[in-house]
Amino acid sequence: MVINIHDVWVHAKTEHHQYLDNRIQRHKPTILPPTAAQQHAFDFIERQKSAIYSIGEIDPICAIEDFKNEIERKLPIETTNEILKIFKKIFNYSSFSDKKRLKDGKWCAYTACSRIKYDYCPYCQINSIETYISADESNGDKSYRPDLDHYYDVASHPFLAITLGNLVPCCHVCNGPQGKHSNNFYTNEHLNPFTSPENISFKLEHITGSIINLRSPHKSFSVKIYNNGCTKAQRSITTFRLEEKYNKQTQEAYYTERRLHEAKTRLEIVKHELPFLNKSIEYALGFYPGGDSYKYTAIGKLKMDILHDFLSKT
Ligand SMILES: [Zn+2]
């Protein structure tokens, strides 16, 4: 992942918690006493409520460990399979993502996605993850939403199938066969957009490795990607093909750096002291260079890294 989106679902929290409450309640056993599988399943849900209800503030991996230790390793295989069946019914992703629910005005993947805080895929920060809800689909005006990647795969961990903190809104390219696809992020650890630091960084470099000279045409440059010594970051770079994708962003990176240099030169001519005005940086980047503004724009992280590199040289 390029950017951390721990708060991406913050505007969907209340409705989604209500939705989870209702689903769990509806599936509680009505005939008492409950079977052993029912007892274990609902005890597990109670124990792991904060993981199952996570909207990104905690890594639901604790529920996976608990399932392995307390259910898979301790109980007979038949009971474990029964428990998995119960989880599949309660945490039913097909039902949550069914467009019919949208038509019926019910909470679903579409309404949840319409509350997403950011506009670009956290895995690449290049492609849009916008949502559109149509007022009337009958005349061909279709609603759409981004892909929702189950960070921890749903087949092995059905209890996290509709946990927002396990659903990464992302682009089709990153989620598809050319990206994550069936890669298991539990066994093959990558950066987690909800909980990992932004360990991938970018730099505009001259292809010969010589000191940057912006008089050369942009074709003499390329965007280099760094994993900062982090294995998970390197896996994310490889899986999401960030080198190929960011190489195509070289021209935009080059002109960002040029605008920064020109702003500096202009300000030096009019005798402004460094650090120069935020306004000029904002103009060069195309967004305000503070807080988390860079998360709201395509390749914002790349542009911020160019800015930091530029400031370190001036
Ligand atoms: Zn993407």
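Q125 is buried, because 26 other C-beta atoms lie within 10 Å of its own. The cut-offs are simple: a residue is buried with 20 or more other C-beta atoms within 10 Å of its own, exposed with 12 or fewer, and partly exposed in between, the C-beta atoms being placed from the backbone. The model is a predicted one: local features need pLDDT of at least 70, side-chain atom pairs count only at pLDDT 80 or more, and totals for chains, interfaces and linings use all residues. Residues are numbered from 1 along each chain as its sequence is written.

Stay with Q125 for a moment. Q125 sits in the loop between α8 (109–113) and β1 (147–150). Helices (H or I, at least four residues) and strands (E, at least two) are DSSP runs, numbered from the N terminus. The phi of Q125 is near 55°, a positive value in a residue other than glycine. Most residues other than glycine have a negative phi, and most peptide bonds are trans.

I299 also has a positive phi, near 45°, and is not a glycine. Its place is the loop between α13 (278–285) and α14 (300–313). I299 counts as buried because it has 24 C-beta neighbours inside 10 Å.

Now the peptide bonds. L32 and P33 are joined by a cis peptide bond, with omega about -5°. P33 belongs to the loop between α1 (13–26) and α2.

Helix α2 comes next. Helix α2 (residues 36–47) packs with helix α4 (residues 61–72) at an angle of about 150°, and their axes are 11 Å apart. The axes are lines fitted to C-alpha atoms, for helices over the stretch in contact, and angles run from 0 to 180 degrees between N-to-C directions. The angle makes α2 roughly antiparallel to α4. Angles under 35 degrees count as roughly parallel, over 145 as roughly antiparallel, 65 to 115 as roughly perpendicular and the rest as oblique. The crossing of α2 and α4 is right-handed. A crossing is right-handed if the near helix is turned clockwise from the far one by less than a right angle, and left-handed if anticlockwise. On the α2 side, H40, F44 and R47 make the contact; on the α4 side, D66, F67 and I71 do. Two residues are in contact if their C-beta atoms, placed from the backbone, lie within 7 Å. Three residues of this contact are nonpolar, one is polar and two are charged. Ala, Val, Leu, Ile, Met, Phe, Trp, Tyr, Cys and Pro count as nonpolar, Asp, Glu, Lys and Arg as charged, and the others, Gly among them, as polar.

Helix α2 also meets helix α5 (residues 77–90): their axes come within 9 Å and cross at roughly 55°. The two helices are therefore oblique to each other. This crossing is right-handed. A36, A37, Q38, H40 and A41 of α2 touch T79, E82, I83, I86 and F87 of α5. That contact holds six nonpolar residues, three polar and one charged.

Further along is D98, in the loop between α6 (93–96) and α7 (99–103). D98 is partly exposed, because 16 other C-beta atoms lie within 10 Å. D98 and A109 are 11 residues apart in sequence and 7.6 Å apart in space, C-alpha to C-alpha.

Last, the whole chain. Its domain assignment, from an automatic or database source, gives domain 1 (10–175) and domain 2 (201–313). Their C-alpha centres lie 37 Å apart. Eight residues of domain 1 are in contact with nine residues of domain 2. On the domain 1 side, six are nonpolar, one is polar and one is charged.
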